[in-house]
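Dear colleague,

Please find below the structure that I am handing over to you. My findings follow it.

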Amino acid sequence: MEFEGCSCFRQRLVLSTVSGKRVKIRNIRSKDDSPGLRDFEASFIRLLDKVTNGTRIEINQTGTMLFYQPGLLYGGSVEHECNVQRSVGYYLEALLMLAPFMKNPLRAVLKGVTNDPTDPSVDLLKVTAPPLMKRFGIDGDSLEIKVVRRGMAPDGGGEVHFSCPVRKFLKPVQLTEPGKIKRVRGTAVAVRVSPQMANRIVDSARSILNKFIPDIYIYTDHMKGVSSGKSPGFGLVLVAETVNGTFFSAEVMSTPQGQGDQILPEDLGKKCGKLLLEEIHRGGCVDSTNQSLALLYMTLGQQDVSKVLLGPLSPYTIEFLRHIRDFFQIMFKIEPQKPGDEERTGGEKVLMTCVGVGYSNISKPLK
């Protein structure tokens, strides 16, 4: 399969690895001043090479063309030094998609930037992704994401442990009722700055959220010494949980040192609170960060109907649906849901329905 350009780079390689189809990507930033693959993309290819066995990768001299022939998903223990241009979340999102289909349970140690303003942070994925994976039957004690050390942008220095069990196949799901919000939890992070910063963030976030719900607990995480990474910074991750076990999340991180205007902890807390309310308003049964993860699991499920109610689709998700069509010839039925008569239903939703391809993990040994 042939593609042009560098957009949706991860999606193409992840779907190629799962489907076993070869991919050729041409004209990667060919008109740029510095053409070709960026360091973080090269690092991502190396990570895929580590978790697979027999992958063949060819890149031309200028780095503007990539040929990728996926091998078998092998898994096992992997250690990877992620490029600091992107956070660990960038790499972890791809591993979440691939991990259940490995031959051996995956135990990955990822080092680099744990929190930055562009990618979903590890804290966010830690609270939203595992509950979603459990819905598809990927559960057990070995499913865990753990932040051992924090590393803020730009220099990183963080360390994250991710482990995931393997499954022969995924269960079809029917997620159509998000339910009402019952509680809000959060983590305020302060690294190499005064611990008071975290408290200021918490107070300002509560000033927004306390008007809506009393059950709010925001944990302050202030790591010291070696475990605090190499750069100063602070941020907040908020997660709202509904009675049906749906999670909505929002996060804001401080601007990396030496890059643009700094943000006050008070403004950061308020901004994050408002973003969480916006995410709740969008609604659906999966928050916008994990839409593509849910859609991939639905596609790879057993040959049965899966339904998931989503909020408005993000541009990333729309591209992902196109790629699923290209790689698996699966089309989703998309039904817009009009907001009901009740005032409290939020924004417009879409009901996504598909029949899984019946993907089974051929490399998992039968017991």
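**Findings from the model**

The end C-alpha atoms of residues 2-334 lie 27 Å apart, and this span is 31% helix and 28% strand. Please note that the model is a predicted one.

The largest nonpolar core has 76 residues, of which Phe-9, Phe-44, Leu-106, Phe-162, Met-298 and Phe-332 touch the most other members. Helix H3 (residues 88-98) supplies the largest share of this core, nine residues. At least three residues of the core come from each of domain 1 (2-168) and domain 3 (286-355).

Leaving aside residues up to four places away in sequence, Phe-332 touches Leu-295, Met-298, Thr-299, Leu-321, Ile-324, Met-352, Thr-353 and Cys-354. Another core, of 23 residues, lies apart from the largest one; Ala-190, Ile-218, Val-252 and Leu-268 are among its members.

Helix H4 deserves a separate paragraph. H4 comprises 14 residues (residues 122-135), which at 1.5 Å a residue should span 20 Å; the end C-alpha atoms are 20 Å apart, so the two values agree. After H4 comes Gly-137, which has a positive phi, near 90°.

With kind regards

Note on methods:
Residues numbered from 1 in each chain as written. Predicted model: local features only at pLDDT ≥ 70, side-chain atom pairs only at ≥ 80, totals over all residues. Heavy atoms only, no water. Helix = DSSP H or I, 4+ residues; strand = E, 2+ residues; numbered from the N terminus. Expected span 1.5 Å × (residues − 1). Core = buried A, V, L, I, M, F, W, Y, C linked by side-chain atoms within 4.5 Å. Buried < 20%, exposed > 50% of the residue type's maximum accessible area, 1.4 Å probe, protein only. Domains from an automatic or database assignment. Contact = heavy atoms within 4.5 Å.
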